[in-house]
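Me: Could you take a close look with me at one part of this model, the place where the two chains meet?

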Protein chains: 2
Amino acid sequence: MAKQQWKPGNMVYPLPAVMVTCADKSGRYNVMTAAWTGTICSDPPMVYVSVRKNRFSHHMLMETKEYVINLTTEALAQATDFVGVRSGRDMDKFEEMHLTPVMGTLKYAPMIKESPVCIECVVTQVLELGSHDMFIAEVRHVFADEKYMDAAGRFDLAKAKPLAYVHGQYYGIGRHIGRFGFSVQKKKIPSKKKHTGRKK
Amino acid sequence: MAKQQWKPGNMVYPLPAVMVTCADKSGRYNVMTAAWTGTICSDPPMVYVSVRKNRFSHHMLMETKEYVINLTTEALAQATDFVGVRSGRDMDKFEEMHLTPVMGTLKYAPMIKESPVCIECVVTQVLELGSHDMFIAEVRHVFADEKYMDAAGRFDLAKAKPLAYVHGQYYGIGRHIGRFGFSVQKKKIPSKKKHTGRKK
């Protein structure tokens, strides 16, 4: 086996590069990038975001137990990266990156208007794991931009050109390979005789 | 805001479409697909996989508390999808999909030889969340295929053409957008006068 054995590390990829928004009780809000995020349960729909204790967002998450996962796009790549390396202690990152905070149904945490999908979450549990605290949450509402609905009324996230994070690098989404279940779909076997609908 | 408000749902994407391998104590092993997976802590490196109780792998995970996250590629798309829709109760999915089980350092759970990256994990906690149980684990070792190392000896996962899962659809990885931190990198400002290294 031509594989190298490495020490333990973070190698699960591709991941979503999302912008997480939250606020404190006074109404001050912040936005940060996270790739340590994902779905942990289908029903009820539950997600998580893992955040270092020294992040400016951390005390807001602890205080109001709310956050919004804002999906990102190739067009938002610059903003997504920037809010991941700069701190809200030093600036209003919304203003800096021309992001628009809008309130959905949560009490404190705003959504990002420019995001194609905003997922409102309420924290149910915090796990202290080491470098990161994991904020486990239930999804309360999902807001999705109408411009990515297809002709059949289905939401087509690929149209938004979502951003992926792969081992320190940002990528767009590439070629479509198939839909879930494609490997077992029965191929239509062409019948040798065509039914003409007429009696012989 | 031209956004539709939806009921709670699973909308965090793109996600990795991984193959999870595990075994029972008798040595019978299985492989299943998971997109409800990701990194939850950097140090120690910790990951999770969420699995429905009725999945054939579930009792193996409970019994041996081990699993391997095997990353997938465009070339493995057919196998990845197939092991997600068929059950190990009915067949040996390794054999069916021409996947090769190889042992790494874990006691029970095999890795998939054909996978570019295999992440060996030991379960530390199981959270019962609803439809899914979340298997929180520490990463013990990472095995990475040497053929994806670049000239500088860095592992380049993109070369393996990793598979992404986006809202019911499989995609490849697309164009490279930048590396983490690209938004704040200083551009080299060309100096007007070239230093020639000679005295005037």
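Reply: Happy to; here is a walk through the contact between the chains.

This is a predicted model, in which local features need pLDDT of at least 70 and side-chain atom pairs count only at pLDDT 80 or more, while totals for chains, interfaces and linings use all residues. Residues are numbered from 1 along each chain as its sequence is written, chains are lettered from A in the order in which they are written, and side-chain values use heavy atoms, with hydrogens and water left out.

In chain A, 95 residues are in contact with 95 residues of chain B (heavy atoms within 4.5 Å). The two chains bury about 8,300 Å² between them, 64% of it on carbon and sulfur atoms; this is the accessible area (1.4 Å probe) lost on being put together, summed over both. Lys3(A), Val12(A) and Phe180(A) supply 8% of the area that chain A buries against chain B, more than any other three residues.

Lys3(A) also stands opposite Asp145(B) in β11(B). Here strand β1 (residues 3–6) of chain A pairs with strand β11 (residues 132–145) of chain B, antiparallel and over four bridges (strands are DSSP E runs of at least two residues, numbered from the N terminus; pairing takes at least two DSSP bridges).

Two salt bridges link chain A and chain B (a side-chain nitrogen of Lys or Arg within 4 Å of a carboxyl oxygen of Asp or Glu). Glu74(A) and Arg175(B) meet in a salt bridge through their side chains, at 2.8 Å, N to O. Strand β13 (residues 169–179) of chain A gives the most to the side of chain A that touches chain B, with 11 residues.
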